[in-house]
Amino acid sequence: MVNCFYVLLAMLLFGVMPLAGCQQRPTPKASVEQLHVMVSIAPQKYFVERIGNGYVIVNVMVPPGAEPHTFEPKPAQLKALSHSSAYMRIRIDFESAWMGKIKAANPKMLVVDTTQGIERMPTTAGYQEGGKARTDKSDNLDPHIWLSPPLVRIQAQTIANALMQLDTKHKQVYQANLERFVADIDTLDADIRKSLQGVKHRKFIVFHPSWGYFARDYGLEMIPIQIGGQEPRAAELATLITKAKTEDIKVVFAEPEFSTQSAETIAREIGGEVLLLNPLSPDWLNNLRTVADTFAKVLNQDRRIQNSEVRSQESGDRRQKTEVLGSLHPTPYTLHPTPYTLFITHPSPLTL
């Protein structure tokens, strides 16, 4: 402080105005004004950031690990909507229950329906019990359109149109970003088709029916365990186990947001395993490529047990045991009677 005083005194004596040092630094120029956009789930954040890169701040309503079908927004999240220029909805279940309050939190906010232009499928019909299929009683349409690259292409255009409407000044930037994103989507789509084109098996069992659009796009058949948000009854579980054995399915897919108990039960009965797929990964592009590679490896497995030997051993009053010795060729995994999990996620931050 003393040194600063003498410096100022010397400058005044010599007729020099103080320019720095003891003077407060000027405030830096304000950063580029950015749009605040709220989305429902993490993959949507990836879409909006790819198109609005540098000009958009994106917040996600459903936090990691939460179940988006039954999610309930916190008061603080609804309050945060007051700063949002737009809400990008995808018609997942919780939105229907909360959309009134979401709109009321900011009447000036633009609500964008990113499902426009998309013909959504009915939710998957379920098990055959006594000759009758149990289906989703709510007649909801399948909301998992973000897991279909061709449908994400449509969503990307809708998002770009909304950003251009809100921020006409940077319309050309959004258009250029959209074109780059669409090119990446087309490359991903082609890579997935090539990866799954020659798989030996087309049917797979999954706990929650998230992968219906993905299966439709790439010629696969999804067999869901959960229908309409309900766990299978005992008879339905038995039907699924029988179907898995008939189709020689050795892997049951599950998701981090749901209980794996039913999936593990089926896997134990068929002598298979449980693998976790993450439909809500924030790294959408790389995640879908990894999911496709996983499907290709699992569905390409030669499920016939070769060179098997059956040995019967008897010992006194003990029960007779049968041991099957063999191997699966080719296979990317070793299949164990006790299920284990493999997380397919990408926790690394998004790089644009």
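Within the sheet, Val206 of strand E7 (203-206) has Pro224 as its bridge partner in strand E8, where strands are DSSP runs of at least two residues (E), helices are DSSP runs of at least four residues (H or I), and both are numbered from the N terminus. E7 and E8 (residues 221-224) pair in the parallel sense over four bridges, pairing being assigned if DSSP finds at least two bridges between two strands. The chain crosses from E7 through H7 to E8, and this β-α-β crossover is right-handed, a term that applies if, with the strands pointing away from the viewer, the path from the first strand over the helix to the second runs clockwise. E7 also pairs with strand E9 (residues 251-254), again in the parallel sense, over two bridges, and here Ile205 has Val252 as its bridge partner.

The coordinates are those of a predicted model, in which local features need pLDDT of at least 70 and side-chain atom pairs count only at pLDDT 80 or more, while totals for chains, interfaces and linings use all residues. Residues are numbered from 1 along each chain as its sequence is written, and side-chain values use heavy atoms, with hydrogens and water left out.

Is Ser210 buried or exposed? Its relative accessible area is 1%, so Ser210 counts as buried; the class covers values under 20%, exposed means over 50%, and partly exposed lies in between, all with a 1.4 Å probe and protein chains only. The side chain of Ser210 makes a polar contact of 2.5 Å with that of Glu255, the term denoting a pair of N or O atoms within 3.5 Å of which, within protein, one must be able to donate a hydrogen and the other to accept it, with residues adjacent in sequence counting only if both atoms are side-chain atoms. Apart from neighbours within four places in sequence, Ser210 is in contact (heavy atoms within 4.5 Å) with His144, Leu147, Met222, Glu255 and Pro279.

Helix H6 (residues 171-196) can be checked against an expected span, defined as 1.5 Å times one less than the number of residues. For the 26 residues of H6 this should give 38 Å, and because the end C-alpha atoms are 37 Å apart, the two values agree. The buried residues of H6 include Tyr174, Leu178, Phe181, Ile185 and Leu196, and among the elements covering the buried residues of this helix are strand E1 (35-39), H2, helix H5 (149-166), H7 and helix H10 (284-299).

Arg193 and Asp189 are four residues apart, about one turn of the helix. Arg193 is partly exposed at 38% relative accessible area, whereas Asp189 is buried at 16%. In helix H2 (residues 42-52), Lys45 and Glu49 are likewise four residues apart, and therefore separated by about one helical turn; their side chains form a salt bridge of 3.9 Å, N to O. Lys45 is partly exposed at 30%, while Glu49 is buried at 17%. A further salt bridge joins Glu95 and Arg89, with the closest N and O atoms 3.4 Å apart, and both of these residues are buried. Over the whole structure, the search finds 10 salt bridges.

Arg91, although not a glycine, has a positive phi of about 60°; it sits in the loop between strand E3 (86-89) and helix H4 (93-105) and is partly exposed at 31% relative accessibility. Asp248, which is not a glycine either, also has a positive phi of about 60°; its place is the loop between helix H8 (234-246) and E9, and its relative accessible area of 27% makes it partly exposed.

Taken as a whole, the protein has 10 helices and 13 strands, and 44% of its 352 residues count as buried. Of the contacts with a separation of 6 or more, 64% are between residues 24 or more positions apart.

Conventions: Salt bridge = Lys/Arg side-chain N within 4 Å of Asp/Glu carboxyl O.
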